Amino acid sequence: MIFEPLFQIGRAGNMNRMDPVTEFDGDPRGIAWMMEPPLKSATYVMGIDPALGRTGWNRYSRVREDLKTNNGAIEIVRLGREYWDKEGNPQRTPDIQVCEFAAPIDPFELGFVANILGRLYAGAEEDQCEAILEVYPGPGGMTMRQMVDLGYTNLWRWQYYAELNPGQSKSIGWNATSKSVRDLYVKATRHIILKRVQIVSPYLVEEYADARMNDAKGYAESPSNESGHGDRMRAFNLALWAGNKWDMEIERTQEQVTTGKVIDYQASDMTMEEIQEHWGMSIG
């Protein structure tokens with residue numbers, strides 16, 4: 001597929017196409033990796049994991065200490081298409097990773113990047129794909145505020161249960177707690193293991209491979225991946241969470257139902273004791 005050489009989104013900035021031969025030096029940070037061009041008919045969701053980063057960071061001002069700084073990360077996923085199989089059962093094609101960005105930039109600058117990428121991958125939405133970002137306890141509130149200032153309003157809201165009836169909260173964004181991060185990791189890894197999503201980025205694969213369970217916190221992270229810290233993984237998990245509506249979905253399973261021969265005990269000549277004995281055997 002052919003990509004446009006330049007993408008420009010109003011006053012929010014622009015992205016220039018990189019020459020992979022002369023400009024790429026093996027460091028993936030600060031590059032928007034687009035695995036496929038945006039499709040107007042597709043449905044996309046964007047996961048964002050902001051970090052404090054370093055104000056003014058760019059690929060021309062990198063230093064070795066940058067590798068110890070958490071990345072602000074963006075992951076965009078094209079959601080699978082629902083269809084019916086030959087037996088009439090509902091099925092869905094796998095979700096696919098289509099875009100990735102990670103760099104140790106501050107949360108305000110990450111908002112500018114998210115505004116560009118979310119509008120490029122608007123897909124079936126009018127002009128913005130849905131964006132889910134961690135707003136607590138990190139600096140995500142500043143990223144969200146920057147995106148709103150740029151006119152980006154298609155932001156995910158937390159869903160909650162009330163006697164199995166999901167409702168929408170008034171707060172925008174995802175809050176990281178020991179329970180929510182644990183559930184996020186468990187649901188996302190299950191989605192991956194069941195081959196319901198296709199990961200393209202080798203840098204994201206590296207973070208998943210490096211993830212280890214932190215018993216003190218109750219969830220997995222990438223403590224030994226100096227250049228990643230699990231930021232891509234968190235952003236990707238968030239995109240899967242919002243795209244698959246895991247906060248309001250009850251996973252259903254298909255079980256074969258069989259019926260047996262119905263016996264009219266009232267019309268039989270069986271005694272009450274024989275009926276009770278036969279009934280007990282039929283349900284055993």
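How many of the 14 residues of helix α5 are buried? The count is 14 of 14, so α5 is largely enclosed by the rest of the structure. Here buried means under 20% relative accessible area, exposed means over 50%, and partly exposed covers what lies in between, with a 1.4 Å probe and protein chains only. The structure is a predicted model, so to speak of local features a pLDDT of at least 70 is needed, side-chain atom pairs count only at pLDDT 80 or more, and totals for chains, interfaces and linings use all residues. Residues are numbered from 1 along each chain as its sequence is written, and side-chain values use heavy atoms, with hydrogens and water left out.

Back to α5, which runs over residues 231-244. Helices (H or I, at least four residues) and strands (E, at least two) are DSSP runs, numbered from the N terminus. From its first C-alpha to its last, α5 reaches 20 Å, close to the 20 Å expected at 1.5 Å a residue; that expected span is 1.5 Å times one less than the number of residues. Just after α5 comes Lys-245, with a positive phi of about 55 degrees although it is not a glycine. Lys-245 sits in the loop between α5 and α6 and is partly exposed at 45% relative accessibility. Lys-195 is another non-glycine with a positive phi, here about 60 degrees. Its place is the loop between α3 (178-193) and β13 (197-198), and Lys-195 is exposed at 69%.

Some contacts bring together residues that lie apart in sequence. Ile-132, in strand β9 (residues 130-136), is buried with a relative accessible area of 0%. Its C-alpha is 6.7 Å from that of Ala-242, 110 residues away along the chain. Pro-107 and Arg-54 are 53 residues apart in sequence and 9.1 Å apart in space, C-alpha to C-alpha.

Now for the charges. A salt bridge is a side-chain nitrogen of Lys or Arg within 4 Å of a carboxyl oxygen of Asp or Glu, and by this rule the count comes to 15. One of them pairs Arg-62 with Asp-25 at 2.8 Å, N to O. That pair links distant parts of the chain, 37 residues apart: Arg-62 in the loop between β4 (44-49) and β5 (72-78), Asp-25 in the loop between β2 (14-16) and β3 (33-34). Arg-62 is partly exposed at 28%, and Asp-25 is partly exposed at 49%. Glu-65 and Lys-68 also meet in a salt bridge, at 3.9 Å, with Lys-68 exposed at 53%. In a further salt bridge, Asp-183 and Arg-182 have their closest N and O atoms 3.0 Å apart. Salt bridges that share partners join Asp-25, Asp-27, Arg-29, Arg-59 and Arg-62 into one network.

Finally, Asp-269, Glu-273, Glu-274 and Glu-277 gather in a surface patch of negative charge. Such patches take residues with over 30% relative accessible area and no salt bridge, joining like charges within 9 Å and nonpolar side chains (Val, Leu, Ile, Met, Phe, Trp, Tyr) within 5 Å. Glu-277 lies in helix α6 (residues 272-283) and is exposed at 53%.

Conventions
Areas by Shrake-Rupley, 256 points an atom, 1.4 Å probe, with all protein chains shown as cover. Lys, Arg positive; Asp, Glu negative; His and termini not counted. Charge placed at Lys NZ, Arg CZ, Asp CG, Glu CD.
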